[in-house]
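Reader: Could you take me through this structure? I would like to begin with its open spaces.

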Amino acid sequence: MINTYIEMVPALLNGAKITIEVLVLSLIFTYIIAFIAGLGKLSKFRAIRVVCTIYIEIFRGTSLLVQLFWIYFVLPFFGIEFSALTAGVIAMSLCYGAYASEVVRGAILSIPKGQTEAAIALNMTPFQRMMKIIIPQAFKIMLPGFGNLSIELMKGTSLVSLITLGDLTYQSLTLRNTNVAHTTEIFVALLVIYFIIALPLIVLARWLERRASLGRV
Amino acid sequence: MSIWSWSYTFEVFPIIFDALWITLAATITAYVLAMVLGLVLAILRRSAFKPLTWIVIGLSEFIRATPPLVQLFFVFYVLPFYGISLSPFVAGTLALGVHYSTYCAEIYRSGIDSVPRGQWEAATSLNFSSTQKWRKIILPQAIPPIIPMLGNYLISMFKDTPILSAITVVETLQAAKIAGSASFRYLEPFTIVGVLFLLLSYPSALLIKKLEVKLNRRSLGKKDKKLKEKGVAA
């Protein structure tokens with residue numbers, strides 16, 4: 001039994017490397033997109049608002065796997081071909097970015113109007129107002145939402161196995177094909193590894209949640 | 001646009017649209033399971049027997065932290081070794097339902113926690129049995145405020161059903177993939193799937209938002225109503 005686990009290690013480690021790569025890259029782009037789309041939806045220009053709303057609703061309204069397949073299998077028709085890794089990161093970032101942008105927007109809207117008015121009274125430009133007054137306060141409110149979304153994103157990375165990217169899930173399915181008798185060990189190990197990857201994110205999310213609720217009744 | 005073929009669109013649309021029923025059936029079956037199991041988990045979590053509470057909490061955390069796709073493979077590939085062979089559809093709805101039941105349990109918990117302590121005490125002092133307490137006093141007050149949140153999970157589950165394609169359930173996405181691979185044209189089938197998902201989930205999301213606003217308004221007006229009821233009873 002222990003031997004089976006040891007034999008599985010190299011393949012699973014390779015898979016874990018890819019899973020973490022997809023996770024980290026997608027997290028970075030998700031939150032960049034979240035800020036762009038979230039702020040864009042609050043823009044005073046109607047055109048920007050409309051574009052951001054359409055993006056958010058399309059990506060929240062369809063399924064991540066459908067988006068992933070669309071980007072990986074359909075875009076080549078238009079001459080845009082991505083590697084599985086790039087397609088995975090793009091789909092994950094666009095999908096979770098749409099969800100995260102709602103977190104950004106909600107947090108910014110929750111800052112009292114008096115803050116904006118005070119900033120105007122201090123003769124700040126709209127850009128200064130946002131960067132120095134609103135976002136620093138709103139950011140703290142966003143963090144718990146970001147923490148939970150990061151866990152969701154981590155779970156979403158398993159879908160890249162379905163476009164043949166060699167992540168943890170994919171490696172386990174391949175392992176299983178050659179050692180069907182050890183299916184149980186393989187999938188138990190897989191679940192445990194995912195849980196270990198999720199653990200720091202869970203601890204972080206809980207900590208952020210607790211910290212956000214401090215000082216509130 | 002010449003790249004988009006309408007004749008091909010009309011050819012594959014009926015195939016994909018038919019598969020939508022499988023998607024909807026999977027969503028609803030898994031949702032009913034999630035709602036029922038979620039309630040059981042929420043009630044077990046309040047058990048006075050502490051080890052049971054810990055097991056429920058630990059298991060829920062584990063299920064919530066690991067990908068539903070992997071759980072799906074687990075149910076489909078591992079359970080047969082223990083004599084439980086499930087059809088892809090049943091395995092899929094079971095995995096999805098169990099995964100989401102842990103989320104539903106959290107929502108039930110927030111609803112149950114928001115029922116004032118006095119209600120429990122009143123039920124106890126009226127000599128209600130434990131079942132009566134839950135059925136007649138606590139749940140009727142705990143559930144209505146959380147209906148919109150439960151509705152949001154219905155939409156989330158609907159959007160998660162495409163993962164069932166990984167274990168060969170021919171739902172919408174799998175039907176599109178099969179249609180596409182037969183002709184090497186994926187543009188139309190996958191776009192149809194996306195549009196179908198959007199057409200179903202977006203109006204539902206708007207509906208739930210409306211319901212939420214309505215329920216909020218009602219709970220604000222509840223105080224007056226309660227006072228009135230009291231007056232009538234007196």
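Author: On a 1 Å grid over the protein atoms alone, a pocket is an open set of points with protein on both sides within 12 Å along at least five of seven lines, a cavity is a set where a 1.4 Å probe fits but cannot get out, and lining residues have an atom within 4 Å of a point. Grid points are joined across faces, edges and corners, and a volume is the space filled by probe spheres set on the points. This is a predicted model, in which local features need pLDDT of at least 70 and side-chain atom pairs count only at pLDDT 80 or more, while totals for chains, interfaces and linings use all residues. Residues are numbered from 1 along each chain as its sequence is written, chains are lettered from A in the order in which they are written, and side-chain values use heavy atoms, with hydrogens and water left out.

Reader: What volume has the second largest pocket, and which residues lie nearest its centre?

Author: Its volume is about 680 Å³. Of its 19 lining residues, A:Leu42, A:Ile108, A:Pro126, A:Arg129 and A:Met130 lie nearest the centre. Two or more residues each come from helix H4 (84-109), helix H5 (113-121) and helix H6 (126-156) of chain A; helices here are DSSP runs (H or I, at least four residues), and strands (E, at least two) likewise, numbered from the N terminus.

Reader: Which element gives the largest share of that lining?

Author: H6(A) does, with 7 residues. The lining comprises 13 nonpolar, 2 polar and 4 charged residues, where Ala, Val, Leu, Ile, Met, Phe, Trp, Tyr, Cys and Pro count as nonpolar, Asp, Glu, Lys and Arg as charged, and the others, Gly among them, as polar.

Reader: How many cavities of 30 Å³ or more are there?

Author: The count is 1, and the largest cavity has a volume of about 50 Å³. Its lining includes B:Leu41, B:Arg45, B:Ser60 and B:Glu106. H4(B) gives the most, 4 residues.

Reader: Turning to H1(B), where does it bend?

Author: H1(B) bends by about 35 degrees at B:Val12, and B:Pro14 follows within four residues. The bend is the angle between axes fitted to the seven residues ending there and the seven starting there.

Reader: And how do the chains meet?

Author: The contact (heavy atoms within 4.5 Å) takes 39 residues from chain A and 39 residues from chain B. Together they bury about 3400 Å², 77% of it on carbon and sulfur atoms; this is the accessible area (1.4 Å probe) that two parts lose on being put together, summed over both.

Reader: Which residues of chain A lose the most area to chain B?

Author: They are A:Phe77, A:Lys155 and A:Leu191, together 19% of what that side buries.
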